[in-house]
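Visitor: I'd like to learn how to read a model like this one, feature by feature. Can we walk through it together?

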Amino acid sequence: MPTAEHLILRELVAHESEWVSGSALAAKLGVSRVAVWQHMEKLRAAGFEFEAQRSRGYRISSPPRTLHTALIETQLRVHPRGFSLLVLDTVDSTNDEAHRQLAAGRPTPFAVLARRQTRGRGRFGRTWHSDSPVNLYASFAFRPRVEPERMQTFTLWMGVNICELLAKFARVEPGLKWPNDILFQGRKAGGMLTEARIDADRMHDLVFGLGLNVNRPAGGWPADLARRAIALEEVTGTSLDLNRLAAALIGRVLLAYRAFSDGDHLATFADQWHRYDLLRGQAITLVEGGRRHTGVVTGLDDEGALLLRDPAGRTQRFRAGEVTIEKDAPLPG
Ligand code: BTN
């Protein structure tokens with residue numbers, strides 16, 4: 001049941017930068033104009049910035065730069081049964097929080113978002129820089145009813161969906177570096193971390209974590225990331241509305257999960273991946289289990305494994321590994 005503050009926000013967001021009169025809001029809510037004013041004061045206290053003019057009403061001056069539950073919820077277009085959203089100020093890791101919530105029995109699907117993470121993590125136990133509330137740190141939790149073998153393509157499928165969403169939302173051209181990186185101009189804008197609990201061939205639950213650099217951190221990137229990281233804002237040249245993007249992203253991930261569970265993704269997955277694939281035709285080095293393999297990427301197989309043609313012309317498939325693109329290596333003729 002939406003609260004009065006939610007309804008007010010929904011109206012103001014729907015009218016973007018236009019004025020909405022106090023009496024229109026009062027009529028919508030079935031309350032007095034004084035009551036509307038009191039709700040506006042509560043919203044202001046919660047950090048929303050409004051302009052108010054006696055003759056014109058209210059309007060949002062500029063979208064808040066950081067996450068707000070109500071702003072995300074009012075812009076969410078996809079509402080699967082039982083979905084819930086948790087927006088935290090600071091947490092160790094949204095993936096860890098999602099695992100804790102699952103263990104406590106929270107119904108799925110749900111999403112955990114945070115303005116900051118103190119122990120954001122990536123693949124291979126690496127740290128994910130998570131100190132900037134203008135970026136997205138999000139985890140989605142599910143209890144899938146699919147065989148564990150089917151999960152091979154899960155992160156890849158999510159990557160394709162996120163690229164499609166970003167291309168539409170921000171009119172940008174993202175690229176995917178198998179298996180979990182979202183890149184622009186050779187620099188990383190997003191990373192995905194999927195963690196599943198599988199036991200005796202049964203999938204218990206699944207947490208899909210996404211870190212996405214949306215706007216450039218106020219003080220710039222830390223020195224060690226300056227050459228490797230990029231934010232969407234640096235690609236588009238304008239800052240992005242974080243809450244609108246978060247709502248669109250949540251909707252897309254939930255729909256993508258449904259398609260995945262139904263097996264609907266299998267028909268189109270390979271073509272969609274190909275569209276964003278940055279590795280096909282590239283000379284790379286892949287490190288897996290401490291061993292280095294070099295060769296040219298020829299694509300992905302149906303199970304999402306990377307196909308690598310070695311210098312002797314043999315093709316090997318890899319289900320996991322860390323890829324480095326060999327910049328100076330000649331492309332195959
Ligand atoms: C990677 O590139 O290695 C994956 C990075 C994943 C980072 C996200 S941020 C939200 C979620 N919580 C975490 O601790 N990690 C993921």
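Guide: Happy to. Keep in mind that this is a predicted model. A handy place to begin is burial: 51% of the 333 residues in the protein chain are buried.

Visitor: What secondary structure does the protein chain have?

Guide: The protein chain has nine helices and 14 strands.

Visitor: What share of the contacts joins residues at least 24 apart?

Guide: Take the contacts between residues at least 6 apart in sequence; 63% of those join residues at least 24 apart.

Visitor: How many salt bridges does a search of the whole structure find?

Guide: It finds 20. The idea is a side-chain nitrogen of Lys or Arg within 4 Å of a carboxyl oxygen of Asp or Glu. One of them pairs Arg59 with Glu51, at 3.0 Å from N to O. Arg59 is partly exposed at 24% relative accessible area, and Glu51 is partly exposed too, at 27%.

Visitor: Which residue forms a salt bridge with Arg187?

Guide: Glu234 does, with the closest N and O atoms 3.9 Å apart. That pair links distant parts of the chain: Arg187 sits in strand S8 (residues 187–199) and Glu234 in helix H7 (residues 232–236), 47 residues apart. Arg187 is partly exposed at 22% relative accessibility, and Glu234 is partly exposed at 30%.

Visitor: Where does the other partner of that glutamate come in?

Guide: The side chain of Glu234 also meets that of Arg216 in a salt bridge, at 3.5 Å from N to O. Arg216 lies in the loop between strand S9 (202–212) and H7, so this pair ties together parts 18 residues apart in sequence. Arg216 is partly exposed, with a relative accessible area of 37%. Elsewhere, salt bridges with shared partners join Asp92, Glu97 and Arg100 into one network.

Visitor: Now for the backbone. What should I expect there?

Guide: Most peptide bonds are trans, and most residues other than glycine have a negative phi. With that in mind, look at the bond from Thr108 to Pro109, which is cis with omega near 0°. Pro109 is in the loop between helix H5 (94–103) and strand S4 (110–117). Another cis peptide bond joins Trp178 and Pro179, with omega about 0°. Pro179 belongs to the loop between strand S6 (175–177) and strand S7 (181–184).

Visitor: Are Phe124 and Arg171 buried or exposed?

Guide: Exposed means over 50% relative accessible area. Phe124 is exposed at 52%, and Arg171 is exposed at 76%.

Methods. Residues numbered from 1 in each chain as written. Predicted model: local features only at pLDDT ≥ 70, side-chain atom pairs only at ≥ 80, totals over all residues. Heavy atoms only, no water. Helix = DSSP H or I, 4+ residues; strand = E, 2+ residues; numbered from the N terminus. Buried < 20%, exposed > 50% of the residue type's maximum accessible area, 1.4 Å probe, protein only. Contact = heavy atoms within 4.5 Å.
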